[in-house]
Amino acid sequence: GHPVVFAHVPKTGGTWTRRALGLEKVHGEHGPPSQVAYLLDTHSVVAQIRDPWSWYASLYAHLSHMGRVDDLASWGDGDPSWAAVLQGWTDTTSTERPGRILGLPLAAPGAVGLWSRVYETFLGDRPATLIDLAAVAAGWAELLDTDSSDMPAENTRGSSAAYRKLYSKAQRERVRKADSALIKACGYSFLGKAKSGPLVPWPIR
């Protein structure tokens with residue numbers, strides 16, 4: 001089949017995918033396809049995506065586990081709590097938010113949440129295929145025209161029960177509004193699968 005460049009968006013199960021598929025790392029742990037521009041004329045771009053509610057929760061848990069309190073506080077106006085940081089990540093009006101996440105530079109702030117901004121940063125207007133993390137094996141099997149049973153099973157999404165407890169009703173709605181266009185394109189509901197199927201075309205229409 002056609003060769004692919006896998007753009008490893010942070011906190012989307014990319015480490016599991018590299019191991020499961022035996023992908024060769026050609027440029028760092030994470031990064032946009034533009035870092036391997038010499039491959040883009042001959043390779044299709046693929047990235048993974050997960051619903052924004054689990055992505056924000058996973059990102060917060062990851063930064064907390066790493067002891068990155070200052071990074072969290074920079075998004076929460078000095079407050080590293082979940083409520084304050086989520087408020088910052090889903091702020092669609094301020095142009096003063098940090099320009100990096102996990103060391104990666106971000107596109108200029110726009111009227112979208114951090115989840116959407118990360119995909120805008122990584123992919124821009126470049127055509128790509130997004131694979132829903134909730135159906136990652138089926139998505140790769142469809143893309144590569146192979147049998148999903150050949151891929152090892154792994155919990156790549158964390159605990160939905162734990163994530164569910166983090167969110168108030170107002171916080172769920174705040175995420176939905178901040179990232180509405182990409183949520184709609186994927187057909188995501190709170191902590192759910194992409195209703196559009198395991199493969200989502202990018203850019204969104």
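Analyst: Contact means heavy atoms within 4.5 Å. The model discussed here is predicted.

User: What covers the buried residues of α1?

Analyst: The cover includes β1 (4-7), β2 and α6 (136-144). The buried residues of α1, which spans residues 14-21, are Gly14, Trp16, Thr17 and Arg18. Each is called buried because its relative accessible area is under 20%. After α1 comes Gly22, with a positive phi near 65 degrees.

User: Why is Asp179 said to have no salt bridge?

Analyst: The nearest side chain of opposite charge, Arg174, is 9.1 Å away. A salt bridge needs a nitrogen of Lys or Arg within 4 Å of a carboxyl oxygen, so Asp179 has none.

User: What makes the pair Asp179 and Ser116 a polar contact?

Analyst: The two side chains come to 2.6 Å. The cut-off for N or O atoms is 3.5 Å, so the pair qualifies.

User: Where is Asp179, and which residues is it in contact with beyond four places in sequence?

Analyst: Asp179 lies in the loop between α8 (169-178) and α9 (180-186). Its contacts beyond four places in sequence are Pro52, Tyr56, Gly113, Leu114, Trp115 and Ser116.

User: Which residues does Tyr119 touch beyond four places in sequence?

Analyst: Tyr119 touches Val9, Thr12, Gln48, Ile49, Arg50, Gly124, Leu130, Leu182 and Trp202.

User: How do you know that β5 and β6 pair, and in what sense?

Analyst: They share 4 bridges. Pairing requires at least two, so β5 and β6 pair. The sense is antiparallel. Leu130 has Val200 in β6 as its bridge partner. Val200 and Trp202 form the covered face of β6, while Leu199 and Pro201 form the uncovered one.

User: How many helices and strands does the protein have, and what share of its residues is buried?

Analyst: There are 9 helices and 6 strands. Of the 205 residues, 45% count as buried. Among contacts between residues at least 6 apart in sequence, 67% join residues at least 24 apart.

Technical notes:
Residues are numbered from 1 along each chain as its sequence is written. This is a predicted model: local features need pLDDT of at least 70, side-chain atom pairs count only at pLDDT 80 or more; totals for chains, interfaces and linings use all residues. Side-chain values use heavy atoms; hydrogens and water are left out. Buried means under 20% relative accessible area, exposed over 50%, partly exposed in between (1.4 Å probe, protein chains only). Lys and Arg count as positive and Asp and Glu as negative; His and the chain ends are not counted. A polar contact is a pair of N or O atoms within 3.5 Å; within protein, one must be able to donate a hydrogen and the other to accept it, and residues adjacent in sequence count only if both atoms are side-chain atoms.
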